[in-house]
Amino acid sequence: MTIENIEIHTKQDYVHIILTYETLGISKTAEVSKKLHDYLDNENKDMPQNIVFDLCSVKYIDSSGIGVIVSLLTKCKKQNRVAAIYTTNKELMRNIKISKIDLLFPLFLDFDQTIEFITNK
């Protein structure tokens with residue numbers, strides 16, 4: 001399934017949500033938030049409980065983008081889902097860690113470790 005700038009792949013054990021935006025800043029956050037909150041609300045019963053938010057394409061994220069990610073992860077937690085963030089961008093990882101999100105939600109640089117975490121939780 002594809003929603004503009006968001007790819008959603010449903011696997012047997014997890015949903016892989018890929019954000020294809022290069023910049024996740026204030027100009028995109030309302031759009032991303034609405035699309036993904038609507039998806040999580042509408043697909044709730046039929047989708048696997050495990051979710052990977054893939055930020056590999058994101059080169060820059062500001063505080064409003066981090067806020068969207070936190071709200072999505074919080075929604076997943078309220079729906080009793082296991083969710084994690086995956087990125088190969090070390091600079092993005094550093095910026096996310098500065099905000100201390102990694103203390104609340106798992107954050108990985110390796111896709112296999114991400115999948116292992118969410119499917120064994």
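User: Which residues does Leu 19 touch, leaving out those up to four places away in sequence?

Analyst: Contact means heavy atoms within 4.5 Å. By that rule Leu 19 touches Asn 5, Ile 6, Leu 24, Val 32, Leu 36, Asp 54, Leu 55, Ser 57, Val 58 and Ile 69. This is a predicted model, where local features need pLDDT of at least 70, side-chain atom pairs count only at pLDDT 80 or more, and totals for chains, interfaces and linings use all residues. Residues are numbered from 1 along each chain as its sequence is written, and side-chain values use heavy atoms, with hydrogens and water left out.

User: Where is Leu 19 found, and is Leu 19 buried or exposed?

Analyst: Take the element first. Helices (H or I, at least four residues) and strands (E, at least two) are DSSP runs, numbered from the N terminus. Leu 19 sits in strand S3, residues 15–19. Next, the cover. Buried means under 20% relative accessible area, exposed over 50%, and partly exposed in between (1.4 Å probe, protein chains only). Leu 19 has a relative accessible area of 0%, so it is buried.

User: Which class does His 9 fall in, buried, exposed or partly exposed?

Analyst: His 9 is partly exposed, because its relative accessibility is 31%. Strand S2, residues 6–10, holds His 9. Beyond four places in sequence, His 9 touches Tyr 14, Val 15, His 16 and Ile 18. His 9 and Asp 46 lie 37 residues apart in sequence, and 13 Å separates their C-alpha atoms.

User: How do I read the packing of helices H1 and H2?

Analyst: Two packed helices are described by the angle between their axes and the distance between the axes. Axes are lines fitted to C-alpha atoms, for helices over the stretch in contact, and angles run from 0 to 180 degrees between N-to-C directions. Here the axes of H1 (residues 26–42) and H2 come within 9 Å and cross at roughly 10 degrees. H1 is therefore roughly parallel to H2. The cut-offs: under 35 degrees is roughly parallel, over 145 roughly antiparallel, 65 to 115 roughly perpendicular, and the rest oblique.

User: Which residues meet where H1 contacts H2, and how do they divide by type?

Analyst: From H1 come Ile 26, Thr 29, Val 32, Ser 33, Leu 36, His 37, Leu 40 and Asp 41. From H2 come Ser 64, Gly 65, Val 68, Ser 71, Leu 72, Lys 75 and Cys 76. They divide into seven nonpolar, six polar and two charged. Ala, Val, Leu, Ile, Met, Phe, Trp, Tyr, Cys and Pro count as nonpolar, Asp, Glu, Lys and Arg as charged, and the others, Gly among them, as polar.

User: What does Lys 75 touch, and is Lys 75 buried or exposed?

Analyst: Lys 75 belongs to H2, residues 63–78. Its relative accessible area is 18%, so Lys 75 is buried. Outside four places in sequence, Lys 75 touches His 37, Leu 40 and Asp 41.

User: What is Ser 64 in contact with, leaving aside neighbours within four places?

Analyst: Ser 64, in helix H2, is in contact with Gly 25, Ile 26 and Thr 29. Ser 64 and Phe 105 are 17 Å apart, C-alpha to C-alpha, and 41 residues apart in sequence.

User: Which phi value does Asn 80 have?

Analyst: Most residues other than glycine have a negative phi. Phi of Asn 80 is positive, near 60 degrees. Asn 80 lies in the loop between H2 and strand S7 (82–86). With a relative accessible area of 66%, Asn 80 is exposed. Lys 100 also has a positive phi, near 70 degrees. Its loop runs between helix H3 (90–98) and strand S8 (107–108).

User: How many helices and strands does the protein have?

Analyst: There are four helices and eight strands. Along the sequence the pattern is β-β-β-β-α-β-β-α-β-α-β-α. The radius of gyration is 13 Å, close to the 14 Å that the globule rule gives for 121 residues, so the protein is as compact as a globular protein of that length. That radius is taken over C-alpha atoms, and the rule is 2.2 Å times the number of residues to the power 0.38. Of the 121 residues, 49% count as buried.
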